[in-house]
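Student: I'd like to take a close look at one single part here. Could you walk me through it slowly?

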Amino acid sequence: LNLRIVGLPEGQEGDNVIKYASKMIKETFNIKHYENLPILDNAHRIGKKSGPQDKPRHLIVRFHFLQMKENILQASKKLDEVEYEGCKFRFVPDYSRELLELRKSSLNVMSELFKKE
C-alpha cells in the first residue's frame, strides 16, 4: 500500500505530512469522490536529514485503499513527472530492500534479453 514520492523538496510538507500529502494527491489527480474520506494512513520522510545542497529525502505515503494506490501509480506513470505548487516530483513503487537488490542483480540479464528482440 506504500508509494515513494521522489524529488519533493524538504520542508515543503510543513508540520503535518499526512495532511499535506493527502491534499497534494487529491488536487494533483483531481480526486473528488474521496473528498471526505482519508486516503492516507501514514506519510513520512525516510533517511537522515542532510544539508540544503543534497537531494531531498524520499517521502513514503501509505494509502488507505489499495485501488487508489494503483490508480495514482498508473496516472503518475502517464505524466512521468508530477507538479504541485511549483515543485516537480515522481511517484514510484516502494519495494523492499531485498526486492530492489534482486532487481538490480537481474538488470544485466534483462538488458541482454531486450537487446536480442
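Student: Which exposed residues does the face of α2 turned away from its buried side carry?

Tutor: Quick background before we zoom in. This is a predicted model, where local features need pLDDT of at least 70 and side-chain atom pairs count only at pLDDT 80 or more, while totals for chains, interfaces and linings use all residues. Residues are numbered from 1 along each chain as its sequence is written, and side-chain values use heavy atoms, with hydrogens and water left out.

Now, your face: Gln67, Gln74, Lys77 and Lys78 are the exposed residues there. Exposed means over 50% relative accessible area, buried means under 20%, and partly exposed is in between (1.4 Å probe, protein chains only). Helix α2 itself runs over residues 66-79; helices are DSSP runs of H or I with at least four residues, strands are runs of E with at least two, and both are numbered from the N terminus. From first C-alpha to last, the 14 residues of α2 reach 20 Å, close to the 20 Å expected, which is 1.5 Å times one less than the number of residues.

Over on the buried side of α2 you'll find Met68, Lys69, Ile72, Leu73 and Ser76. They sit on the same side of α2 because they cover an arc of only 135 degrees around the axis, taken from the directions from the helix axis to the C-beta atoms. In general, an α-helix has 3.6 residues a turn, so residues three or four places apart point the same way.

And what covers those buried residues? The cover includes β1 (2-6), α1 (17-28), β3 (59-63), β4 (82-84) and β5 (87-93). Finally, α2 is followed by aspartate 80, which has a positive phi, near 70 degrees.

Methods
Contact = heavy atoms within 4.5 Å.
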